[in-house]
Amino acid sequence: EGIMAENGGKTSAQIFKELKGKQKVQFIYDYYKIPILLTLITLLLFFTTLHSVLARKEEILTVALVNVRTPENAEHFLGEAYLQKNGYSAKRRTVTLMDQLLVPSGAARAVSANHAGPGESSSAQVPSPEETNPEYAYAAQMKLVATLSAKELDVVLMDEEALAYFEQNKALLPLDHRHKYLDLTDKALYKKAGFTGKVYAGIAVNSTHRTEAERYLKYLEEK
């Protein structure tokens, strides 16, 4: 009643009818700015969530590069090229690449020499970060251990030392009755991707995408 008295007993609707042009806009803003603001925020959250759901890609595989530097061209051949070859839509599917992972320093150095051929030496492709940044090296090693424990790795690309580490810890799935890894050095993809030094590929023993991982290794070993 007090409000109506201040406006000569007129209701909000009556006052609104008497206003002209910009006065009506100002009236609406003064009376409804909070409900309008809340509505806009609700719509923004709704469309943001909807876009996130529609744009989300299904992760079909996680590939880790351990003790192996990622060449400039590698991401395309290890991810998008694989999707295209197997008929996956790059807009709906993705291969996640994890790099800058290291095995614990010296954990398999002695054993890694057994994987080098006559006249060859074990050659990790990533310069040892322990010499310049021990905190980085420790973080990279712990990241590898954590992702393995969490069953987040499917396929592993690695050098001799990393291969020895995985074998020592029985962390590779047998590919057949004799082998647990592939030597990619003479494969076409190795050259296309720009790898250097020895690179081996294996499947993490606790991979959650084994069928896809086996298909991926066949892709890697194509001539």
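In strand β5, Tyr200 is the bridge partner of Met158, and the two strands involved, β3 and β5, pair in the antiparallel sense over 4 bridges; two strands are taken to pair if DSSP finds at least two bridges between them. Helices (H or I, at least four residues) and strands (E, at least two) are DSSP runs numbered from the N terminus. The structure is a predicted model, in which local features need pLDDT of at least 70 and side-chain atom pairs count only at pLDDT 80 or more, whereas totals for chains, interfaces and linings use all residues. Residues are numbered from 1 along each chain as its sequence is written, and side-chain values use heavy atoms, with hydrogens and water left out.

The chain contains 9 helices and 5 strands, which follow one another along the sequence in the pattern α-α-α-β-α-β-α-α-β-α-β-α-β-α. Of its 223 residues, 33% are buried, where buried means under 20% relative accessible area, exposed over 50%, and partly exposed in between, with a 1.4 Å probe and protein chains only. Among contacts between residues at least 6 apart in sequence, 75% join residues at least 24 apart, a contact being heavy atoms within 4.5 Å.

The 5 strands form an open sheet with mixed pairing, in the order β2-β1-β3-β5-β4. Its edge strands are β2 (93-101) and β4 (182-183), each of which pairs on one side only. Strands of a sheet pair through backbone hydrogen bonds, either parallel or antiparallel. Strand β1 (residues 58-66) runs parallel to β2, to which 7 bridges join it, and Leu61 stands opposite Val95 in β2. Helix α4 (residues 74-85) packs on the sheet, where it touches β1, β2 and β3 (155-158), and its direction makes about 165° with that of β2; axes are lines fitted to C-alpha atoms, for helices over the stretch in contact, and angles run from 0 to 180 degrees between N-to-C directions. Strands β1 and β3 also run parallel, joined by 4 bridges, and Ala64 has Val156 of β3 as its bridge partner. Both faces of β3 are covered, with Val155 and Leu157 buried on one side and Val156 and Met158 buried on the other. Thr62, found in strand β1, is buried because its relative accessible area is 3%. Leaving aside neighbours within four places in sequence, Thr62 is in contact with Thr96, Met98, Glu152, Leu153, Asp154 and Val155.

The largest nonpolar core holds 28 residues, of which Leu61, Leu78, Val155, Leu157, Phe195, Tyr216 and Leu220 touch the most other members. Such a core is a set of buried Ala, Val, Leu, Ile, Met, Phe, Trp, Tyr and Cys residues joined through side-chain atoms within 4.5 Å. The elements that give two or more residues to this core are β1, α4, β3, α8 (188-193), β5 (200-203) and α9 (210-220). Not counting residues up to four places away in sequence, Leu157 touches Val63, Ala64, Leu65, Val66, Val68, Leu78, Leu184, Phe195, Val199, Tyr200, Ala201 and Leu220.

Helix α6 (residues 134-149) lies across β1 and β2 and runs at about 140° to β2. At 1.5 Å a residue, the 16 residues of α6 should span 22 Å, and this agrees with the 23 Å that separates its end C-alpha atoms; the expected span is 1.5 Å times one less than the number of residues. Ala137, Ala140, Gln141, Leu144, Thr147 and Leu148 of α6 are buried. These residues cover an arc of only 135° around the axis and therefore lie on the same side of α6, the arc being that of the directions from the helix axis to the C-beta atoms. On the other side of α6, Glu135, Tyr138 and Ser149 are exposed. The cover over the buried residues of α6 includes β1, β2 and α7 (160-168). Just after α6, Lys151 takes a positive phi of about 60°.
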